[in-house]
Amino acid sequence: MKQLLKALIHTAQHLEEADIIIQNGKVVDVFSLEVFDADVAIKDGYIVGIGAYKEGKKIIDAAGKYVMPGFIDGHIHIESTMVTPSEFSRALLRHGVTTVVTDPHEIANVAGTKGIQYMLDDGENAEIDIMVKLPSCVPATPFEQNGSTLTADDLRPFLKHHNVIGLAEVMDYPAVLKADDGMLDKIMMATDRNMKVDGHAAGLSDEALNVYSIASIRNDHEAVTAIEAKSRARRGIHVLVREGSAAKDLIAILPSITERNSTRFSFCTDDKHLDELVEEGTVNFAAQLAIKHGLDPLIAIQMATINNAVCHQLNDKGAVAPGYAADLLIVEDLQKLHPTVIIKDGKVVDANTLQTKRAAIPASVKQSINMKKVYKESLRIPLQDGQKAMLIEALPGKLITNKVVEKVKINNGFFEAEAKRDQLKIAVCERHHATGSIGVGIVKGLNLKNGAIASTVAHDSHNLVVAGTNDEDMLIAIEEIEQMQGGLIVVDQGKILASVPLCVGGIMSDKPYEEVVKELHHLNEQLSVVAEGSQNIFMILSFLCLPVIPHVKLTDKGLFDVDSFQHIDVEYEG
């Protein structure tokens with residue numbers, strides 16, 4: 001390290017030749033929100049100087065273009081892209097995202113410590129920097145069955161890994177409010193090492209936010225309104241402004257961001273499907289969207305770079321400044337932010353021709369579907385004639401759902417789906433330990449007109465979730481997913497229209513991302529046969545099982561009221 005430091009110091013003073021000099025560019029200063037003309041000198045993966053530099057092994061003429069930091073995504077679940085970390089990095093780098101902060105709690109809920117270790121191993125092959133926060137809530141709550149349970153003792157050995165930087169989103173807020181010993185052990189495991197703890201404060205009151213901040217949970221990505229964002233910022237909680245596939249909160253939060261408080265806001269993705277990621281990217285897209293809706297481009301860039309670096313203590317990332325990592329982009333336009341040159345670790349990369357190695361996938365991770373046979377009787381919802389029912393209402397662009405009470409169709413004492421009234425059957429089948437546990441409910445808002453869809457991507461326990469207009473297609477979907485060891489599927493009139501196999505924990509593919517994108521495009525084409533609208537129905541479906549997001553969800557144990565944090569009956573007694 002001393003020799004490296006000497007080389008950097010010497011190059012900064014023109015005593016050694018730089019590896020790369022970017023000349024004639026306009027440097028984007030994320031600290032003072034300015035743009036100025038200067039050369040940028042790079043040596044051994046670091047920026048060593050800004051000013052006038054003429055001698056270098058490689059000269060890049062920026063010709064009046066802008067030199068800015070590589071984008072940093074402040075919170076993303078790689079598993080939600082449905083490809084492995086190495087493939088994820090190939091797909092994302094082309095958009096100029098050079099670093100992500102990820103929480104592997106999806107694979108951890110399926111495969112425990114083996115899943116986390118696999119993500120770390122494959123992340124070593126990535127072209128971007130994949131920084132990991134350890135899953136804090138596996139399972140997310142005690143109200144569902146998942147594949148593993150992780151304590152502080154299970155997580156502690158991973159703290160030695162050089163890419164592990166903290167504790168990921170604390171979803172079990174009742175455990176925090178009750179000062180549960182197990183939860184506090186995990187939080188203090190991180191804070192005792194001066195590591196950051198991420199929040200998950202969906203729907204929490206201001207008083208509960210006070211408790212989160214006291215517990216050193218100092219960032220959160222669950223604000224969905226400008227008022228909620230301000231409330232967090234006032235309590236010292238860094239606001240990660242989320243713009244993903246299912247949750248699109250940026251435009252609603254934007255009015256709360258000003259030049260005075262912008263350093264307390266960053267962009268993140270949380271969850272994004274691969275086809276959208278390949279087309280749009282992640283936080284680069286969020287920055288572009290914010291600019292389009294009136295945010296100062298320099299503030300948008302600041303939120304997508306240095307703010308995330310500061311939030312997560314990535315002390316050498318996020319800026320064009322001496323001593324910072326040479327993760328840089330050259331862009332022509334600060335409105336569009338499309339990189340014409342990408343520099344990662346001080347080397348120019350062609351993101352379109354990258355080939356990466358892959359880590360070996362443990363056999364137990366590839367064989368994760370273990371469930372009892374599901375029969376038609378298991379999908380029945382008994383209801384009396386004239387009885388009203390509690391429905392889950394899915395909302396476009398939101399993870400939050402509504403509790404809706406409606407009259408439903410009853411046939412021989414059981415609920416019968418009616419697509420024309422937007423009342424569908426939904427079931428969550430436990431698929432980790434073959435317990436046979438199945439929760440059944442009624443959902444609206446999916447815009448499914450016929451057939452059935454099913455998935456083993458079902459946050460966070462990733463049981464098998466299926467929704468449909470009839471039991472027969474639902475059963476076919478369940479059986480086929482079990483046969484292919486997880487994935488997504490569309491069924492109509494007894495025929496499988498399309499599927500995407502996800503054999504890695506039932507949530508990721510082992511194929512190159514280009515092949516998975518083709519499979520997803522075919523799935524979406526066939527989805528149009530059974531559904532209306534352009535919303536990402538599979539992403540919405542996956543979050544209907546998450547019992548830490550208001551207001552009502554479905555687990556393998558039944559309908560769950562998030563507001564009262566207890567299971568409730570589909571039959572409405574009010």
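A nonpolar core is taken here as a set of buried Ala, Val, Leu, Ile, Met, Phe, Trp, Tyr and Cys residues joined through side-chain atoms within 4.5 Å, where buried means under 20% relative accessible area with a 1.4 Å probe and protein chains only. The model is predicted, so local features need pLDDT of at least 70 and side-chain atom pairs pLDDT 80 or more, whereas totals for chains, interfaces and linings use all residues. Residues are numbered from 1 along each chain as its sequence is written, and side-chain values use heavy atoms, leaving out hydrogens and water.

The largest nonpolar core holds 200 residues, and Ile22, Phe88, Phe267, Leu274 and Leu446 touch the most other members. Helix α3 (residues 105-123) supplies the largest share of this core, eight residues; helices are DSSP runs of H or I, at least four residues, and strands runs of E, at least two, numbered from the N terminus. Another core, of six residues, lies apart and includes Leu8 and Tyr53.

Turning to helix α15, its buried residues are Asp471, Asp473, Met474, Leu475, Ala477, Ile478 and Ile481. Among the elements covering them are β21 (424-429) and β25 (487-492). At the start of α15, a side-chain oxygen of Asn470 comes to within 3.3 Å of the backbone nitrogen of Glu472, a polar contact being a pair of N or O atoms within 3.5 Å, within protein one able to donate a hydrogen and the other to accept it, with residues adjacent in sequence counted only if both atoms are side-chain atoms. Just after α15, Gln485 has a positive phi of about 55 degrees.

Key: Buried < 20%, exposed > 50% of the residue type's maximum accessible area, 1.4 Å probe, protein only. Contact = heavy atoms within 4.5 Å.
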